[in-house]
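Here is a short briefing for a reader who is new to this structure. Take a look at the model first, then work through the points below.

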Amino acid sequence: MNKNITQQFKFTFILFAFSISIFGWGKTGHINITKHAFKLLQQNMNVTQIYADSIVNKSNDPDIRVRTIKEQAPWHYIDIDYYKEFNNLEMIYCYDSLVSRYGENEVKKQGTLPWVIERNYNKLIEAFRNKHLTEILFYSAEVAHFVADAHMPLHATINYDGQLTNQKGIHSRYESKLVGKYLNEICKGFYIQPLDTINNPLLTAFDILDNSFSFINIILDSDKKASELAHSSETDMYYGLLWKQTDYITYIQMNNAAKFVASYIYSAWFKAGMPKIEKYIN
Ligand SMILES: [Zn+2]
């Protein structure tokens, strides 16, 4: 391969790697998680339909935005098992401490999702305090998107597309195709549950990611088993088998995503002094 072709190949590979790592739950996934989050929010906040509809409609915006603003790609994930501290159960949560050990470029490259959640949560508190309507809508939707992303197990690993275990393509097979095929079941599986109060937005984000991480091997093993039995990883039989083994994970993660989206929004509003905001919150 001459140098130009090699560079072109590298560029295409980077683009490909980039494109599969950015999507959280796909557009329908984000919309349905946020819709359910607003049902849960009604338990603690008297939110209006205008507010709910606006956030549901904007909940996929970060995935649209990242198509043109490539620098935002690492906001959507963290390859947490890249860090030896995580694997030794001593993860460094402080961004600056991690940067001083690994360098800013490396930390950004491995993804910054938990700090993005914390930053947007703090911005949302400020927006509620100032009763700044545009910012309330913007940061509520950002919180809704990134908290949901943290619940997608393959957004929490260096093996995000099964590329290290010869299972390339599992990222979109699981989050887009499987979720798309079984969307009715997933929507029927949403249930009402109480919200949590978020005391430490960063630690909660890492807890969510820890929990997501615990499902990765089950998804990868299920993919392996399903493709062996179906002699394919594209057929209906494959997806039927994959769903059979991972449906409970999907129900748990979708419900937890909605619960924590609602919990972060509620806690930000609570921390801002529970302001009444015309059109949005009565
Ligand atoms: Zn995303």
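H30, I33, T34 and A37 of α2 meet A144, H145 and A148 of α9. The axes of these two helices, α2 and α9, come within 10 Å and cross at roughly 115°. The model shown is predicted.

**Helix α2 and its partners**

- With a crossing angle of roughly 115°, α2 and α9 are therefore roughly perpendicular to each other.
- The crossing of α2 and α9 is right-handed.
- α2 also packs against α14, at an angle of about 55° and with the axes 8 Å apart.
- That angle makes α2 oblique to α14.
- The crossing of α2 past α14 is right-handed.
- On the α2 side, this contact is made by I33, T34, H36, A37, L40 and L41.
- On the α14 side, it is made by M254, A257, A258, K259, V261, A262, I265 and Y266.
- A further partner of α2 is α10: their axes come within 8 Å and cross at roughly 65°.
- α2 and α10 are therefore roughly perpendicular to each other.
- The crossing of α2 and α10 is left-handed.
- G26, T28 and G29 of α2 make that contact with E175, S176, V179 and G180 of α10.

**The nonpolar core**

- The largest nonpolar core has 69 residues.
- Within this core, V143, V147 and V261 have the most contacts.
- Eight helices each supply at least two residues of the core: α2 (26–41), α3 (49–58), α8 (113–130), α9 (133–149), α10 (170–181), α12 (201–213), α13 (216–230) and α14 (236–271).
- The largest share, 14 residues, comes from α14.
- Which residues does V143 contact, leaving aside its neighbours within four places in sequence? They are N120, Y121, L124, V261, Y264 and I265.

**Positive phi values**

- Most residues other than glycine have a negative phi.
- N166 has a positive phi, near 60°.
- N166 is found in the loop between α9 and α10.
- M274 lies in the segment after α14.
- M274 has 12 other C-beta atoms within 10 Å, so this residue is exposed.

- E126 is in helix α8.
- E126 has 14 other C-beta atoms within 10 Å, so this residue is partly exposed.
- How many residues apart along the chain are E126 and K168? They are 42 residues apart, and their C-alpha atoms are separated by 42 Å.

**Confidence**

- The mean pLDDT of the chain is 92.
- A pLDDT of 70 or more is reached by 91% of the residues.
- Over residues 1–22, pLDDT stays under 50.
- For residues 1–22 the model has eleven contacts beyond four places in sequence.

Methods:
Residues numbered from 1 in each chain as written. Predicted model: local features only at pLDDT ≥ 70, side-chain atom pairs only at ≥ 80, totals over all residues. pLDDT = per-residue confidence, 0-100. Contact = placed C-beta atoms within 7 Å. Core = buried A, V, L, I, M, F, W, Y, C linked by C-beta atoms within 7 Å. Buried ≥ 20, exposed ≤ 12 C-beta atoms within 10 Å, placed from the backbone. Helix = DSSP H or I, 4+ residues; strand = E, 2+ residues; numbered from the N terminus. Axes fitted to C-alpha atoms, helices over the stretch in contact; angles between N-to-C directions. Parallel < 35°, antiparallel > 145°, perpendicular 65-115°, else oblique. Left-handed = near helix turned anticlockwise from the far one by under 90°.
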